[in-house]
Amino acid sequence: MNFSDILANAKPDKDGYAYAAPDQWKQGRTLYGGLTSSICLHSARLLTGEERQLRSALVSFVGPSSEYITADAAVLRSGRTATTVRSSLRSSGSVATETLLTFADCRESNIVYTPSTMPDVAAPRPDDVLDLSRAGGPAFTCNFDLIPVGGAIPMSAAPVPDIYWWARHKDVAARDTELGLLCIGDILPPAVLTMTASPARVSSMTWMIDFVGDSWETEAGWYLFRSTADAATGGLSTQHMSIWSTSGAMIAKGRQTVALFE
């Protein structure tokens, strides 16, 4: 089941919506975090009728999500400038993903600043796509086209934890959309995995993403993603993240905390 079908087949359930949890979207025993985050956003749109653009998402991956999943949402405050919505995803009755979503219109401003420059990398070519799911990667990666283009790769014992790849949805209908971008925004493996020499167990704990631009258009659905670890100590790693369009426009900035089990 592709991304668009999962959302299109949402069914009303009590105070929210119920969704399928296909095995092809799993990362170990849980669903891929980008998918659960976008399900929360989808439910928030359906239940609140909010139409302003998504500007920021604060996501806490509370527990595993699998089997029967439902999502609900409630407006915390709606003002002239912005609306804040809480949306929760439950798996078999237990909270799995908790989100705070901020929506706001674009407004005129005298302050304009062009964000950080995109790394100088080769343009994405479909012939270079890596089938990570067949190479032993998580099952959910079968839903995306992935092209490593810079930094290090996981399990390469790299001295600097930095990674950047081109990525896009295989599902053409998910490309250049708000929901599709939130789903793919967490696509990269944690940057700290580039420092290991063998497979290591990790789990995303939190994720924050701020959408910088007013347009998310990009050529053929491709975005360049970069993650760089700030520190890894005490069984936790923190990292900062960036997303660019093929034209070099900054699309989003993010941060993440990852649990390490090695």
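# Sheet, helix and cores

Reader: Over how many bridges do strand β12 (residues 223–233) and β13 pair?
Author: Strands are DSSP runs of E, at least two residues long, and helices are runs of H or I, at least four; both are numbered from the N terminus. Two strands pair if DSSP finds at least two bridges between them. A231 of this pairing stands opposite T238 in β13. The sense is antiparallel, and the number of bridges between β12 and β13 is 10.

Reader: What kind of model is this, and at which pLDDT do side-chain atom pairs count?
Author: Residues are numbered from 1 along each chain as its sequence is written, and side-chain values use heavy atoms, with hydrogens and water left out. The model is predicted: totals for chains, interfaces and linings use all residues, local features need pLDDT of at least 70, and side-chain atom pairs count only at pLDDT 80 or more.

Reader: Which residue takes a positive phi in the hairpin of β12 and β13?
Author: This hairpin has 2 residues between the strands. The phi in question is near 65°, and the residue is G234.

Reader: In β14, which residue is the bridge partner of S237?
Author: β13 and strand β14 (residues 250–260) pair in the antiparallel sense over 9 bridges. Their hairpin has 4 residues between them, and G248 in the turn has a positive phi of about 95°. The partner of S237 is V258.

Reader: How many residues of strand β13 are buried?
Author: Buried means under 20% relative accessible area, exposed means over 50%, and partly exposed lies in between (1.4 Å probe, protein chains only). β13 spans residues 236–245 and is mostly covered. Of its 10 residues, the buried ones number 7.

Reader: Which are the edge strands of the sheet?
Author: The sheet is open, with 12 strands paired antiparallel in the order β1-β2-β6-β7-β8-β5-β11-β14-β13-β12-β10-β9. An edge strand pairs on one side only; the two are β1 (11–13) and β9 (144–151).

Reader: What angle does the direction of helix α2 make with that of β6?
Author: Helix α2 (residues 33–48) packs on the sheet and touches several strands, including β2 (16–19), β5 (54–61) and β6 (69–78). Contact means heavy atoms within 4.5 Å. Axes are lines fitted to C-alpha atoms, for helices over the stretch in contact, and angles run from 0 to 180 degrees between N-to-C directions. Between α2 and β6 the angle is about 55°.

Reader: Which cysteine sulfur is nearest to that of C40?
Author: A disulfide is a pair of cysteine sulfur atoms within 2.5 Å, and the structure holds 0 of them. C40 counts as buried because its relative accessibility is 0%. The nearest cysteine sulfur is 12 Å away and belongs to C183.

Reader: Why does S94 count as partly exposed?
Author: S94 lies in strand β8. Its C-alpha atom is separated by 9.0 Å from that of P64, 30 residues apart along the chain. S94 counts as partly exposed because its relative accessibility is 46%.

Reader: How many residues does the second, separate core have?
Author: A nonpolar core is a set of buried Ala, Val, Leu, Ile, Met, Phe, Trp, Tyr and Cys residues joined through side-chain atoms within 4.5 Å. The largest has 54 residues, and F144 is among those with the most contacts inside it. F144 touches residues including W25, C183 and I187. The second core includes V121, Y164, W166 and W222, and its residues number 9.

How values were computed: Lists of a residue's contacts leave out its neighbours within four places in sequence.
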